[in-house]
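Hi everyone, thanks for coming. I'd like to walk you through one model today, so please have the viewer open.

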Number of protein chains: 4
Amino acid sequence: MPPTVQDVADWWATAVSRVEPDVIELRGRPVQEIIGGMSFVAVIWLLLRGEPPTPAQEKLLEVALVSSVDHGPHAPSIAVARIAATCGIGLNNAVASAVNTLGDVHGGAGEQCMRMLAEVAARAETGEPVERAASSVVAKWRARSRYLPGYGHRFHTVDPRRDPLLRHVEEAVADGTVAGGYLRAAVAVEQILATGRARPVPINVDGCTAVIYGELGFAPPLARGLFVLSRSVGILAHAWEETGQGRRNKGPIPPSITPTYLPGSGHALET
Amino acid sequence: MPPTVQDVADWWATAVSRVEPDVIELRGRPVQEIIGGMSFVAVIWLLLRGEPPTPAQEKLLEVALVSSVDHGPHAPSIAVARIAATCGIGLNNAVASAVNTLGDVHGGAGEQCMRMLAEVAARAETGEPVERAASSVVAKWRARSRYLPGYGHRFHTVDPRRDPLLRHVEEAVADGTVAGGYLRAAVAVEQILATGRARPVPINVDGCTAVIYGELGFAPPLARGLFVLSRSVGILAHAWEETGQGRRNKGPIPPSITPTYLPGSGHALET
Amino acid sequence: MPPTVQDVADWWATAVSRVEPDVIELRGRPVQEIIGGMSFVAVIWLLLRGEPPTPAQEKLLEVALVSSVDHGPHAPSIAVARIAATCGIGLNNAVASAVNTLGDVHGGAGEQCMRMLAEVAARAETGEPVERAASSVVAKWRARSRYLPGYGHRFHTVDPRRDPLLRHVEEAVADGTVAGGYLRAAVAVEQILATGRARPVPINVDGCTAVIYGELGFAPPLARGLFVLSRSVGILAHAWEETGQGRRNKGPIPPSITPTYLPGSGHALET
Amino acid sequence: MPPTVQDVADWWATAVSRVEPDVIELRGRPVQEIIGGMSFVAVIWLLLRGEPPTPAQEKLLEVALVSSVDHGPHAPSIAVARIAATCGIGLNNAVASAVNTLGDVHGGAGEQCMRMLAEVAARAETGEPVERAASSVVAKWRARSRYLPGYGHRFHTVDPRRDPLLRHVEEAVADGTVAGGYLRAAVAVEQILATGRARPVPINVDGCTAVIYGELGFAPPLARGLFVLSRSVGILAHAWEETGQGRRNKGPIPPSITPTYLPGSGHALET
C-alpha cells in the first residue's frame with residue numbers, strides 16, 4: 001500500500017499540543033484559558049504530565065525548580081554560558097552551549113539519585129526495614145562507583161539548600177500531598193553515610209530535588225529535564241551579565257596570565 | 001606587575017550569585033530565604049534584574065512566559081527536539097539542539113519587535129502623535145524587510161494568544177503597574193496594518209510578549225532570552241514524549257515514504 | 001599553601017598545542033612547517049595521536065573519513081541541520097545543533113562496534129578460533145540488545161560503502177600497515193549473521209569504519225569523534241544548501257499538509 | 001488541490017546527495033568511486049561546490065583548513081570543549097557546545113574580512129587603484145567598528161600562520177590557479193595599516209584564510225563554515241585529551257583558588 005499524507009501527519013502526532021488555524025491547545029486546554037489561568041510552574045507540570053497539578057503539588061515542584069537556578073560562575077554550565085556569550089552568538093546559542101553540558105556528571109546526579117532512592121523505597125514498601133534496604137543499596141552502588149549521587153558536596157559541609165527543601169517535603173508528607181517513600185529512603189541513606197565518620201556526607205541539592213521529583217511521580221530522566229529548566233535561569237542571567245561587560249572572546253583565565261602578554265593592537269580578534 | 005590570583009578571581013566576578021562554603025546567595029539574598037519565599041517567575045526576574053518584582057510585575061511576566069511554551073511539533077525548535085531525542089543523547093542535549101534554533105527568525109521576532117515599538121514609543125513620548133510615529137517607523141522598517149516583526153501569523157488569522165495577553169497589559173496599565181507606551185505603540189502599528197486591507201495583520205504572540213517585556217523594562221535581547229526559558233518547557237515536553245515512543249533515528253518523514261523502502265533487518269542503525 | 005598563578009596555568013596545561021607570542025606549535029611542531037607540509041587528514045591524526053601518521057596510515061584514515069560524510073536529508077543530523085539553518089542562526093550554530101545529535105544511536109554504533117570487535121579480536125589473539133570467539137561475543141551482545149552495532153542497514157541490503165572500505169583494509173593488512181585482528185573479527189561476525197538466514201546482515205559503514213579505526217589504534221570513543229569530523233562535512237553542505245533556498249522556519253513537513261492551511265499574510269514569523 | 005506524498009518528498013529535495021536502497025551518491029557520484037578516489041579535502045569541496053576541485057585548488061583549500069585547527073586552550077571554543085568534556089556528555093556533545101561558540105566574534109572575522117576584501121577587489125577591478133580602494137573601504141569600515149576583521153592579533157606581532165599562507169596564495173596566483181584580487185586587496189589593506197605607525201597590524205590567520213576562500217570562489221558565510229570544519233579538529237583533540245585526565249565538572253579556575261576551599265568528601269558532584 002503506498003504511503004499517504006496521513007502517514008506523514010501520524011509521524012508527527014503528539015498529545016502535548018494541538019495547533020490549527022486560530023486554535024492552540026496545550027494538553028487539550030485552550031491557550032486562552034491557560035494564560036492568566038495557570039502559573040508557569042503549573043504549565044510545566046501540565047505539559048510534562050498531561051493534567052494540571054494540585055496547588056500543593058505545584059508548590060512542591062516550585063521549591064525544587066527555584067533551588068537549582070544557579071551555583072556561581074565556576075559551575076561548568078555557567079562558565080560555558082559566560083564564555084560563549086562573548087563570542088558573537090545569540091543568547092539562545094549561549095544558553096544552548098551551556099545547557100548541553102548538564103550531562104551525567106554535571107546534571108545527572110539527580111536522575112541517578114532518584115533511581116537509587118526508588119530502589120530503596122521499593123524494597124521498604126515490601127516490608128524490609130528502610131535502614132537495611134538503604135544499607136544494601138548503598139553497598140551495591142559503592143561497588144560500582146566511588147560517587148554516591150545526591151550526597152556530599154565539594155564546597156559545602158551542609159548544602160544550604162538541604163534544610164529548606166527537606167522541610168517542604170516533610171510538610172507535604174504531613175499533609176498527605178506525597179507518600180514519603182523517597183524522603184524516608186533519602187534520610188536512611190544519609191544516616192548510613194554519617195555513621196562512624198568524622199565528617200558526615202549530607203544530602204545535597206541534587207538529592208533533595210530527586211526526593212521531590214520522585215515523591216511527585218516524575219520519571220528519573222525528568223530529574224535531569226527539570227534541572228535543565230531550572231538551571232537555564234542562572235545560565236541566562238550569567239550570559240546576559242557577561243554580555244553587558246563587553247568582553248570579546250573571553251578565555252578561562254585573564255590575559256594578564258598569558259606568558260609575556262603583549263598589549264593588544266586594538267584590532268585583534270583572537271582565533 | 002605580575003598577575004596575581006586576585007586577577008583570576010576578578011576575571012570571574014559576578015553580581016548574580018555568591019557561592020562560598022555553606023553559603024549560596026542569589027543577588028545578595030540567601031538561597032534559604034528564596035526557597036519557599038519566592039516563586040519561580042520571581043526568581044527569574046530577580047536573577048535578570050537584581051531586585052525582586054512586585055506582585056503585579058510578576059503576574060505580567062508570568063502570562064508572557066506561559067503563552068509561548070509550545071507551538072506544536074512543526075515549529076522548528078520542537079521538531080528538532082523530537083528528532084534529537086531519538087538519537088541516543090540526553091534530554092539536556094536534545095533541549096540544547098532545539099533551544100539553539102531560537103534565532104533571529106524563529107525566536108528573534110520579539111527582540112526586533114521590541115526595538116521597533118521602543119522607537120515608536122520614544123517618539124510618542126516627545127509629543128508626536130503615536131499614529132504618526134507608528135506610520136513613520138513602519139514605513140522605515142518595511143523599506144528594510146518584507147517582514148514586520150511581531151505582526152501576522154502564517155497559521156492564525158488572529159493569534160489566539162493575542163487577546164488574553166493584551167487584556168493583561170491593559171489591566172496593568174489601568175492599575176499603574178506599567179506605563180503603557182509599548183502597548184499604545186503596538187496598537188497603533190496594528191491599526192496601520194488593518195487600514196485599507198481585506199485582511200488585517202494583527203499582533204501575534206511575539207508582538208504581545210514584546211509589549212509585555214518592554215513595559216516591564218527588559219532590554220530587547222531579553223525578549224529572546226525569556227522566550228528561550230518559555231519555549232524550553234514545550235521543547236522538554238516534546239522531547240520527553242518522543243523518548244517514550246521508542247523510535248530510533250527519527251527522520252523528518254516516515255520511512256514508508258522512502259523510495260522503495262525495504263523492511264528493516266532488525267539490526268539497522270541508519271547512519 | 002595559598003594558590004598561585006602557576007596553579008592556574010597548570011589547570012589548563014595541554015600537550016596538544018603551545019601558543020605564545022609569535023609561536024604556535026601543534027604537538028611540538030611549528031605551525032609554519034605544518035602548513036603545506038602535512039595534509040588535513042595527517043593533522044587530524046597528529047592532534048589526536050601526538051605523532052604524524054605514516055602515508056599508509058593516513059590513506060586508511062582518509063577513506064574512513066570520506067565514507068561517512070553524508071547519508072541524505074532524512075538522516076536525523078542532516079534534517080536538524082537543514083531545519084536549524086532556516087531559523088536565523090549562524091552556520092556554526094546549525095552545525096552544532098546537528099553534530100549534537102550524533103549520539104549513542106545515531107553516531108555511536110561505530111564506538112560500540114569497535115568495543116565488540118575488540119573483544120572478539122582479543123580472544124582470537126589468545127588462540128581461540130575467531131569464529132568461536134565471534135559466536136560467543138555476538139550471543140552475549142544479543143542478550144543485551146536486539147541491535148548489533150555495525151551490522152545491517154534499514155535501507156541497504158548491502159551498504160554500498162562496505163566493499164570499497166573493506167578492500168582498503170585488506171590491502172593495508174596485506175602490506176603490513178595494520179595487523180588485521182579487527183578485520184578478521186568483523187568478517188567472522190558477518191558470517192555468523194549470514195548463516196541459516198534468508199537475508200544476510202552485512203557489515204555497514206559504522207562497522208567498516210570501526211574496523212579501520214580499530215586497526216589504526218584509535219580508542220573506541222574516537223570512532224564517534226572521527227565520525228563527527230566526517231559527518232560535519234555533509235551537515236555543513238546541507239545547511240548551506242538550505243540557506244540558499246531562502247526558507248524561513250522550515251518545519252519537518254510542507255505547510256501544504258497543515259490542516260486547512262491559510263496562505264501567509266506576507267508578515268508571518270511563526271513562533 | 002490536496003497535498004500529496006510528492007509534496008513531502010519535494011520539501012526535502014537536495015542536490016547534495018541521493019540515497020536509495022543500495023545507492024549512495026554524493027553530488028551525482030557513486031560513493032564507491034569517491035572512497036579511495038578522492039581526498040577528504042576534495043570531498044569537502046565537492047559537497048559544498050557541486051564539482052570536484054582541481055589538484056591546485058585542493059592544495060590551496062588544504063593549507064587553509066590545516067592552518068586554523070587549534071589556537072590553544074584559552075581560545076573560547078577550546079576552553080568550552082574541555083569544560084564540557086568533564087560533564088558526562090558524549091564527545092559529539094562537547095564538540096557541539098564548542099563549535100556553537102564560533103560566532104561573529106570568535107569565528108566570524110574571516111567572513112567579515114572576506115566581505116571587506118571583496119569590496120576592495122571589486123573596486124580595483126573597475127580600474128580604481130587598489131591602494132585607493134583599500135583606503136576608502138578601510139575608512140568606511142573603521143567608521144562602523146574599531147575592529148578591522150582579519151588584521152592584527154592580541155598575542156602575535158606577526159601571526160606565524162601569515163607568511164606560509166600568503167606564500168601559497170602567491171604561488172597559486174603565479175601559476176594561474178587563482179586570479180589574485182583578494183590577495184592584492186589584503187596586501188593593500190595591510191600596507192595602509194602599517195603606514196605611519198610604530199607597530200604595524202599585519203594580516204592574521206582569519207584574513208589569510210579569507211583571502212584563500214575568496215580566491216577559491218567560496219561565498220563569505222562559508223569562511224565561517226570552513227573554519228568550523230577546521231577548528232573542529234582542535235576542539236575534538238582537546239576534548240579527548242581532557243577526557244583522559246579524568247576531571248569531573250572542571251571549572252574555569254582550579255579549585256585551590258575557591259575562597260577557603262574545603263577538601264572534598266570524595267562524594268561531591270558539584271551542581
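Let's start in chain B, where strand β1 (residues 17-20) and strand β2 (residues 23-26) run antiparallel and are joined by four bridges. Strands here are DSSP runs of E with at least two residues, helices are runs of H or I with at least four, and both are numbered from the N terminus. Two strands count as paired if DSSP finds at least two bridges between them. As a reminder, strands of a sheet pair through backbone hydrogen bonds, in either a parallel or an antiparallel way.

Before I go further, a word on the ground rules. This is a predicted model, where local features need pLDDT of at least 70 and side-chain atom pairs count only at pLDDT 80 or more, while totals for chains, interfaces and linings use all residues. Residues are numbered from 1 along each chain as its sequence is written, chains are lettered from A and ligands numbered from 1 in the order in which they are written, and side-chain values use heavy atoms, with hydrogens and water left out.

Back to the strands. Which residue of β2(B) is the bridge partner of Val19(B)? It is Ile24(B). The two strands β1(B) and β2(B) make a hairpin with two residues between them, and in that turn Asp22(B) has a positive phi of about 65 degrees.

Moving along, β2(B) also pairs with strand β3 (residues 29-30) of chain B, antiparallel again, over two bridges. There, Glu25(B) sits opposite Pro30(B) in β3(B). This hairpin of β2(B) and β3(B) has two residues between the strands too, and Arg27(B) takes a positive phi near 50 degrees.

Now look at chain C, where three strands form an open antiparallel sheet in the order β1-β2-β3. Its edge strands are β1 (17-20) and β3 (29-30) of chain C, each pairing on one side only. Between β1(C) and strand β2 (residues 23-26) of chain C there are four bridges in the antiparallel sense, and Arg18(C) stands opposite Glu25(C) in β2(C). Chain D has an open sheet as well, with three strands in the order β1-β2-β3 and antiparallel pairing. In chain D, Arg18(D) has Glu25(D) of β2(D) as its bridge partner.

On to the interfaces, beginning with chains B and A. How many residues of each chain are in contact? There are 94 from chain B and 94 from chain A, with contact meaning heavy atoms within 4.5 Å. Together the two chains bury about 7700 Å², 73% of it on carbon and sulfur atoms. Buried area is the accessible area (1.4 Å probe) that two parts lose on being put together, summed over both. On the chain B side, Trp11(B), Trp12(B) and Phe40(B) lose the most area to chain A, together 13% of what that side buries.

What about charges and polar groups? Between chain B and chain A the rule finds zero salt bridges, a salt bridge being a side-chain nitrogen of Lys or Arg within 4 Å of a carboxyl oxygen of Asp or Glu. Helix α12 (residues 220-245) of chain B gives the most to the side that touches chain A, with 17 residues.

Now the symmetry. Chain B can be laid on chain A by a turn of 180 degrees with a shift of 0.0 Å along the axis, at an RMSD of 0.0 Å. Copies are superposed by least squares on C-alpha atoms of residues with pLDDT of at least 70 in both. That is the relation of a two-fold axis. In chain B, the C-alpha nearest the axis belongs to Ala96(B), 2.2 Å from it.

Finally, chains C and D. Their contact takes 94 residues from each of chain C and chain D. Across it, the rule finds zero salt bridges and 34 residue pairs in polar contact. And 100% of the interface residues of chain C are also interface residues in chain D, so the copies meet through the same surface.

Thanks, and I'm happy to take questions!

Terms used. Polar contact = N/O pair within 3.5 Å; in protein donor to acceptor, adjacent residues only side chain to side chain.
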